[in-house]
Amino acid sequence: QGMMQSMMSGMHGMMHQHIAIQYKNVAQAERPLAIPPILTPTEQEGNHVTYSLTAQQGETELLDGHRTQTLGYNGAMLGPVLRLTKGQQVTMKLSNRLDEPTTFHWHGLKVDSDADGGPHNAVQPGEDKTVQFTVDQQAATLWYHPHYMGNTARQVYQGLAGLILVEDSQEAALPLPRTYGVDDIPLVIQDRYFTEDGRIDYNAVSNPDGTQGDVLIVNGTVKPYITTKSHWVRYRIVNGSNASNFDVALSGHHNFYQVASDGGLLTRPVSLTTLRLSPGERAEIVVDMSQYKVGETAQVTVNGATALAVRIADVADTVAFSPDMALTTIAPLPESDTLATLPRKHIELQGMGPMVSINGRTFSMERIDEQAVFGTQEIWEVTNPSTMMGGMIHPFHMHGVQFRILSRNGQTPPAQEQGWKDTVLVNPDEKVELLVRYERKGVFMFHCHILEHEENGMMGQFEVK
Ligand code: C2O
Ligand code: CU
Ligand code: CU
């Protein structure tokens, strides 16, 4: 049996479709990292803010001397940062100036499903739509992207994605780097294949098992660099790729501190040398730049390749960050006898490529797969059995909630996974238990965040009422 098992795992290795890609070093000069602008409200009255977001077509020069068609929000590619404050009432004026339907999904934001921007919330070409919601969750790094069934993967690959920063007074009082674009740097990391003439052409490179790329782009910049003068630098990292798992590390194998997961702050900084993020996941990390020499160029790496060059001009102290400080309190998990009484839902992630499903079914807009009662909590048991055909990581995402990871294969998850999450990496042959509390109403998606798996039906709906 042991031999059978090692044979099987050998096969999984071989048949694994998502071997970490070796990213290319593009032969052109480094460019300053694009810092997405913070969106200015079109109206603001006390606690009520109004923003306008338009999905549109554009052209971008990603590679020197080559222009490519891209999609963006209020611009040619990617989008501005939506900076929201806990407690705010937000009106979003959405416009679709694409020539095909799209939606505006706020990934990680706890809103009722009518404002969530899932597949039911189509905005047709030429249409304007308004949604409203109240921000009722703690400070966090979230993101937004389209979610129209059949268009999601292509539209994201062509450039539709943006950051959401939720702020609150508790986080604002902490000595964390917080000067946007200076020592608080957003990193929306993606990978793209380019055609020989330097274009992004989704249809030419799309893969039913997830479309990757051999060039890293960060905030839409190829070969980006920043110059820093700060002792402590915070990165808000989004894995905005369609399908790639990113192992984020620092040159010199230095450690760094993860301070937040998908849904907000961890209880205290967690020292890491590698951070694995699957598609859709976010993390905030704080890096001690005094581990490097002034004048040196450090790197943030992804799967061993340079994602960002960091030119160190100085390491002056700007905030009194300490790796030992307490960041927040997170409600303790229920005792095991309470957990034992909670209802369970079973989610089996199945297949690869075009043959993916959840619990043996592919997505239907017309079918509610799971029912849930508002205000209650349940355990979602998510499994990812491998087969003779192999196995792969599936990032499992839920709308309308932030959950906690109770266990991975029966074991307590590592410290950096003990905070709030909305997307969880599920390894082949793993069982992950999630504690889910239903605090928003409506019909919500749960799905694999490999966007092509989602498009191929690896998605279901749960209704909270
Ligand atoms: Cu990031 Cu259902 O999505
Ligand atoms: Cu989402
Ligand atoms: Cu998947």
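## Sheet, core and loops at a glance

Asn 303 sits in the loop that links β21 (297–302) to β22 (305–316). Its phi is positive, about 50 degrees, even though Asn 303 is not a glycine. Keep in mind that this is a predicted model. Below is a quick tour of that loop, the sheet, the core and a couple of other spots.

- As background, most residues other than glycine have a negative phi.
- Asn 303 has 19 other C-beta atoms within 10 Å, so it counts as partly exposed; the cut-off for buried is 20 or more.
- His 253 is not a glycine either, and its phi is positive at about 55 degrees.
- You'll find His 253 in the loop between β16 and β17 (256–261).

**The open sheet**

- Six strands make up an open sheet with mixed pairing, and the order is β1-β14-β22-β21-β16-β19.
- β1 (31–32) and β19 (275–277) are the edge strands, each pairing on one side only.
- β16 (residues 246–250) runs antiparallel to β19, and three bridges join the two.
- Val 248 has Leu 275 in β19 as its bridge partner.

**What the UniProt record says**

- An unreviewed UniProt entry carries the annotation "domain: Plastocyanin-like" for residues 56–170, 228–294 and 353–465.
- In the model, residues 228–294 are 0% helix and 61% strand, with the end C-alpha atoms 10 Å apart.
- Residues 353–465 come out at 4% helix and 41% strand, and there the end C-alpha atoms are 34 Å apart.

**The nonpolar core**

- The largest nonpolar core has 120 residues.
- Among the residues with the most contacts inside that core are Ile 164, Ile 189, Val 218 and Leu 434.
- Leaving out residues up to four places away in sequence, Ile 189 touches a set of residues including Leu 216, Val 218, Ile 237, Phe 246, Val 302 and Ala 307.

**A buried glycine**

- Gly 108 is in the loop between β7 (105–107) and β8 (128–134).
- Gly 108 counts as buried because it has 28 C-beta neighbours inside 10 Å.
- Setting aside neighbours within four places in sequence, Gly 108 is in contact with Ala 140, Leu 142, Asp 262, Gly 263 and Asp 422.
- Gly 108 and Ile 164 are 56 residues apart in sequence, and their C-alpha atoms are 9.2 Å apart in space.

Notes
Residues are numbered from 1 along each chain as its sequence is written. Chains are lettered from A and ligands numbered from 1 in the order in which they are written. This is a predicted model: local features need pLDDT of at least 70, side-chain atom pairs count only at pLDDT 80 or more; totals for chains, interfaces and linings use all residues. Two strands pair if DSSP finds at least two bridges between them. UniProt positions are given in the numbering used here, feature names are shortened, and annotations may be inferred rather than shown by experiment. A nonpolar core is a set of buried Ala, Val, Leu, Ile, Met, Phe, Trp, Tyr and Cys residues joined through C-beta atoms within 7 Å. A residue is buried if 20 or more other C-beta atoms lie within 10 Å of its own, exposed if 12 or fewer, and partly exposed in between; C-beta atoms are placed from the backbone. Two residues are in contact if their C-beta atoms, placed from the backbone, lie within 7 Å.
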